[in-house]
Amino acid sequence: MRIFHFQNITVMHYLIYYSSNQSKIDDTWFYYQVLTYFEFACICISYPLVIFLGFQLFKHRIFHQNLQNCVRAAVVEYLIQLTSRSIQIFLIFNSKENGLAFYYASLARCTCYFFVSFSLPGFVIERCCASYFLSDYEKRSRHYISIFLLSVSAGSGLLLSYLYHQSESTLVYHIIVLVINILSSAVLAIIEKYNYKRLHESSNLRKSKREYSLAERFQISENIRVCELMKTIINVVALFNLLSTVSAALDNFDLSPTFLNVAATFFNFCVLTYGSLVFFLFYYLIPQFKNELKAVFMRMRLVNPVSPFPDILKEKPMQMAAKETDEYFSQLQKQWL
């Protein structure tokens, strides 16, 4: 267990700690430097990508305003996470990982760690609200929902981060994170299934117990679309949170310092990987985001502004229009039956 004593602070338990002195003793310092320089290069590349994602989230309305605010906060959280890690790298390379600066960087990073863990159930609760306020959720903002969710996530993250650094054993905090991740994925799948059931019910008026307005049908379809998108993102974040949580919890056991250094390195790459994957998921799953990124590449002359044979025009325009029209009326007829 890595408990540290310095200045006027008697007990200190970092979220993740790499011992440069131990690394130099067991001759792994060179390999750590190579991996960490690579990690820092990835962090530098991640900054413009994450900032671009945040800018698009402020520019375009991709989700309901409440969910949009929660995703924006997650982007800000990840930028703080990257900055805290960069500070830790600088301190480790200068053999200053036992000072107050490293502690404050760890405190900020731990706050982000718990914040993103509490954000996952926040996304799920927001979708529960969308399913409950079926008739007018898209019409009314209800900003108090996102304000409440973000306040709880930020407050809980800061409190647990402080307690984490004062506790001798941190297993209970890691167990909390694991439970939150598992429940978030499970409940979101239940919400999606529930909305599919209501969509089927609204399409079959003979078996329906109530009549659904056009606005309610739209909201059900929107709930399914968002649930499918968020399910992919939440599962990716939950998976890497699971891996990083297990690696961070290892310092509660009597393991060799070398093995704990390996676990610390693995943790850092897990955090970096899930942030990069979320960016690419937004690119592949959200058309507005993909179009904006292509426009940027065109302005930078990285891609041609005009493609002579685009894939979308392999068929004649009139044939495509006819197919789309037939599909539209087919779906509409199914809803009327």
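This is a predicted model: local features need pLDDT of at least 70, side-chain atom pairs count only at pLDDT 80 or more; totals for chains, interfaces and linings use all residues.
Let me begin with helix α5, which covers residues 143–166. At 1.5 Å a residue, its 24 residues should span 34 Å, and the end C-alpha atoms are 35 Å apart, which agrees. Several residues of α5 are buried, including L149, L160 and Y164.

Between α5 and α6 there is a loop, and T170 has its place there. Is T170 buried or exposed? Its relative accessible area is 0%, and because buried means under 20%, T170 counts as buried. Leaving aside residues up to four places away in sequence, T170 touches H13, Y164, D251 and N252.

Moving on to α6, we come to L171, which at 30% relative accessibility counts as partly exposed. L171 belongs to a nonpolar patch on the surface, together with residues including I175, F253 and F259, and the patch has about 650 Å² of accessible area. The most is given by α6, with five residues.

Now to the salt bridges, of which the structure holds six. One of them joins R85 and E39, whose closest N and O atoms are 2.8 Å apart. R85 lies in helix α3 and E39 in helix α2, so this pair ties together parts that are 46 residues apart in sequence. Both R85 and E39 are buried.

Another salt bridge links K231 with E192, at 3.0 Å between the closest N and O atoms. Here K231 is in α7 and E192 in α6, so parts 39 residues apart in sequence are tied together. K231 counts as partly exposed, at 28% relative accessibility, whereas E192, at 8%, counts as buried.

Definitions and conventions
Residues are numbered from 1 along each chain as its sequence is written. Side-chain values use heavy atoms; hydrogens and water are left out. Helices (H or I, at least four residues) and strands (E, at least two) are DSSP runs, numbered from the N terminus. Buried means under 20% relative accessible area, exposed over 50%, partly exposed in between (1.4 Å probe, protein chains only). Contact means heavy atoms within 4.5 Å. The expected span of a helix is 1.5 Å times one less than its number of residues. Patches are made of residues with over 30% relative accessible area and no salt bridge: like charges are joined within 9 Å, nonpolar side chains (Val, Leu, Ile, Met, Phe, Trp, Tyr) within 5 Å. Accessible areas come from the Shrake-Rupley method with a 1.4 Å probe; for residues, only the protein chains shown count as cover. A salt bridge is a side-chain nitrogen of Lys or Arg within 4 Å of a carboxyl oxygen of Asp or Glu.
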